[in-house]
Amino acid sequence: MKLTRLTVNQIRQFRQPLTISDLTDGINLFVGPNESGKSTLVRAIRAAFFERYTSNSAEDLRPWGDSSAAPEIELEFEWQQQKWKLNKRFLNKKRCDLQINQQHLSGAEAEDKLAELLGFEFSSRGGSKPEHWGIPGLLWVEQGSIQDIQKSVEHAGQHLKTALSNTLGEVTSTAGDALIEQVENERAILLTKTGKPTGQYQKILLDCEQYQIQLKDLDEKIQRYRSDVDRLGQLQRQRQEHDSQKPWLEYCQKAEEAKNALATVQDMQAKQQSDLQLLQNCQNNLNLCLEQLRDFRQGEEKLAQRAQDKTKAAKALEDCKELSAQITQRLQQAQADYQKAKDALSRARLIDRRQNLQREHDQLNAQLNAQLDNLQKAQQLQNELQALRAKLQAQTLDEKLLAKLKQLHNELTEIQIRQQSLATRLEYDLEAGKSITISGQEPIQGKGERLLLEATDLFIPGIGKLRLLPGGTDIRELARKQERLRLDYTNLLQTLKVQNLEQAENRLAENKHLAQQITHLQAQLQMLAPKGVDELNVSVQLIKQRVASLQTELEKFPAEGGEQSDFANADLKTCEAHLEAKDAELKTAERAHQQHQSDLLVLQNAYEAANLEWQKQNNELQSPERQARERDALDRLSNLNAEEAELHKRIDERKQQIEAANPEALQKEIERLSKSADALEKEALQREGEITRLKIHLESIGAEGAEEKRASIQQELERLQRHRDEMQNRAAALDLLLNLLKQKRQELTRQLQAPLQKHLNHYLKLLFPGATLTVDENLRPQILTREQEHGDVISLSYGAREQIGLLSRLAYADLLREASRPTLIILDDALVHCDGERLEQMKRILFDAVERHQILLFSCHPERWRGLGVVGRGVV
């Protein structure tokens, strides 16, 4: 089978018709980036064959957003010297046409013809699925599915077996197939494909199981009845033996006695706790008393310390007073030096002020002279500017009107030129003494010429009048237009107040010259008086006033000379530095004096405070109140010691009594006795309740007739078990027979596998030299053996499964070709996980296969398929 032409229209991104022709017998390599339409073409080919034209499952082919589109596919291919042409349209205006040479088929008939040719089925409902694709589903590989060979072979298995049978000349027996089918049908009545019961056999098994469950439930129910009877007798005996004496009352009485004993012990514990608190208070008071006595001892120590502090403070105060005179003398000397430096700085500042005023006076005088000169020049320039502006204003000229005047002049000139080219030219050469008259004008003589633009009367004396009429309407129209333009031209000259265009242009040039002079003078005036002449005049007056003010202020300063000192002739900076130095010395002396006064005050206060503390401590030690408190503390200490001893004795005695009574044991005993009484009473109540419940339960069971019901169920169960055994034996016999038939069929199938194995080995040696690949009874690749390794194909790496998947499909194609079945191989982005070395081997395999099959190869990696022996082509 050779695909020669493909046309798609209104399919996904191909909204306009796209035709691919000139397809070769071997490999046709289509390359392009992602979303360029490669997979769309593959989907279109599959839809053309697999989808019913009436189905809505081709909705994914419609261009996005175009609900009115009708996806259309047209294919042309050759098979066995016949030309086939398929045209199929989906969704809107649905149709299917198939032409085979001169034979024409349409609709479902055409689709069934293609399915029979290529070996696939249509879905009875909905879109086509992989299980319907048959042989094309095996050879037409979608993107990312080349490694999934198992399911594809399974779906194409029957078609492959048919091809093998044709190749071997009907090795298999249709009668054997019918027998196997008959046994399978008989077995299917009893067992599923997996060997599980079904149908009537399953129902009998379920009935047997249900009766067995019922029988088991009845046995358990009868057994429980007998147990309940025994239990009732036991409970009634226990009630007679135990509950009649009410033993729980004895435990309640013992628990009450233990509670009274515990109350006595708890009273002792409360008293013990009270004495412990008294002991704690006594010990606290004892500590306070001891602390008070320690304070009395510390008072005497503090008095001795206060006396030492007083002596040290008196000595420090005396030493500080001895330095007072020296520090006061240093302060007075620093104050005198500072005043001298201050006076010298005042004189220096006065001299500096007079010098600054004099410099400013001299600078202002120079500035005043310059400003007066600028003012005189500016006033002269201002007068010149006023004259020029008045002249420019008097002869102003509108440039727009001048431009219009030029336009009118040009138009008049152009009309005059056209008139000269179109007017009737009258040339005359009169004899001497002869003349003629033109339209009542002065007679003309001699030789010359005239241009006649309108009807003109020519008078010839002695002869008469000639009327000359210039030909054409253009002359008259030009004359009228010339008259209108001349009138506009004259009015514009009057508006501009000029005689002619030349005068107007001269005036414009003169005005531009005047404007340039004005601009130049304005620039000069701007340089002399940036803010204007009036502002410059005001500035001059202000400078004069400032000069006069400075002169008055200078006259107030005394003449240079006067008091002499070390810094009389020193400059201002020297005097300021001298003053800063003296100021620092004065501040140092002031700080020293201030610090001395502060130290003197602190020492005086320290002495007074130390003396006051000594006096206070001495008075406190000598006071009668303190001596009385000391005596009271000693007496209280003696009493507290006696009280503490008494409390210790009483607490120890009571502790022994409490320990002997053991309150914890009493508490536990109370709890034990109470719980025992409760348990005995609760047990009696439970026993009574259980007796009542068992009586009611036994009465209800006895009325149901469980024994009779069990006998009836046992009889029905035995009947069902006999029927079950019959069906079980039949199912086992059918299962055995089917296995024997299938084993025989497998022996024949292995003979059928030989041609396929031959083609697989042909390609396998190009990829894995020395390796073998077995196929199972369903013709699926199964075990790959390489050297000492072998394993299932599905356990190989992803890339290896891609390679096995491709060479297996090529082997199936060879097998189909030998059976005279059509083959076309389509590979969409295959071998994407193949490394470089393996890819080169796969190229050799593909190049070998193109001798027998047409291959459509689609890829977005053109560089990977270099060396394949073909030139890649784009989709569009």
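What follows is a series of stops, each with something to select and a note on what is there.

**Before you start**

This is a predicted model, so to speak of local features needs pLDDT of at least 70, side-chain atom pairs count only at pLDDT 80 or more, and totals for chains, interfaces and linings use all residues.

Select residues 324-394 for H8 and 572-622 for H13. Helices here (H or I, at least four residues) and strands (E, at least two) are DSSP runs, numbered from the N terminus. The axes of H8 and H13 come within 8 Å and cross at roughly 155°. Axes are lines fitted to C-alpha atoms, for helices over the stretch in contact, and angles run from 0 to 180 degrees between N-to-C directions. That angle makes H8 roughly antiparallel to H13 (angles under 35 degrees count as roughly parallel, over 145 as roughly antiparallel, 65 to 115 as roughly perpendicular and the rest as oblique). H8 passes H13 in a left-handed crossing, a term for a near helix turned anticlockwise from the far one by less than a right angle, with clockwise being right-handed. Colour the contact of H8 with H13 by class and you get 15 nonpolar, six polar and 10 charged residues. For these classes, Ala, Val, Leu, Ile, Met, Phe, Trp, Tyr, Cys and Pro count as nonpolar, Asp, Glu, Lys and Arg as charged, and the others, Gly among them, as polar.

While you are on H13, pick Glu613, which lies in this helix. Glu613 counts as partly exposed, at 36% relative accessibility (buried means under 20% relative accessible area, exposed over 50%, partly exposed in between, with a 1.4 Å probe and protein chains only). Now draw a distance from the C-alpha atom of Glu613 to that of Leu501: the two are 112 residues apart along the chain and separated by 125 Å.

**Stop 1: H8 again, this time with H11**

Which residues meet here? On the H8 side they include Ala378, Leu381, Leu385 and Leu388, and on the H11 side they include Leu514, Ile518, Leu521 and Leu525. By class, the contact of H8 with H11 divides into 10 nonpolar, five polar and five charged residues.

Zoom in on Leu514, in H11. Is Leu514 buried or exposed? At 3% relative accessibility, Leu514 counts as buried. Leaving aside neighbours within four places in sequence, Leu514 is in contact (heavy atoms within 4.5 Å) with Leu388, Lys391, Leu392 and Gln395.

One more pick on H8 is Gln371. Gln371 is buried, with a relative accessible area of 14%. Beyond neighbours within four places in sequence, Gln371 is in contact with Leu536, Ser539, Val540 and Ile543.

**Stop 2: helices H7 and H14**

Select residues 248-322 for H7 and 624-661 for H14. These two pack at an angle of about 155°, and their axes are 8 Å apart. That makes H7 roughly antiparallel to H14. H7 passes H14 in a left-handed crossing. The contact of H7 with H14 has 19 nonpolar, eight polar and 12 charged residues.

**Stop 3: the nonpolar cores**

Next, show Phe49, Ile73 and Leu827, the residues with the most contacts inside the largest nonpolar core, which has 97 residues. A nonpolar core is a set of buried Ala, Val, Leu, Ile, Met, Phe, Trp, Tyr and Cys residues joined through side-chain atoms within 4.5 Å. Helix H17 (residues 798-818) gives the most to this core, with 10 residues. Centre on Phe49: leaving aside neighbours within four places in sequence, the residues in contact with Phe49 include Met1, Leu75, Phe77, Leu114 and Trp140. A second, separate core of 21 residues includes Leu375, Leu381, Leu385 and Leu554.

**Stop 4: two positive phi angles**

Most residues other than glycine have a negative phi. Select Gln10, in the loop between strand E1 (2-9) and strand E2 (18-20). Gln10 is not a glycine, yet has a positive phi of about 55°. Gln10 counts as partly exposed, at 25% relative accessibility.

Finish at Ser820, in the loop between H17 and strand E17 (825-828). Ser820 has a positive phi of about 60°, although it is not a glycine. With a relative accessible area of 47%, Ser820 is partly exposed.

Definitions and conventions:
Residues numbered from 1 in each chain as written. Heavy atoms only, no water.
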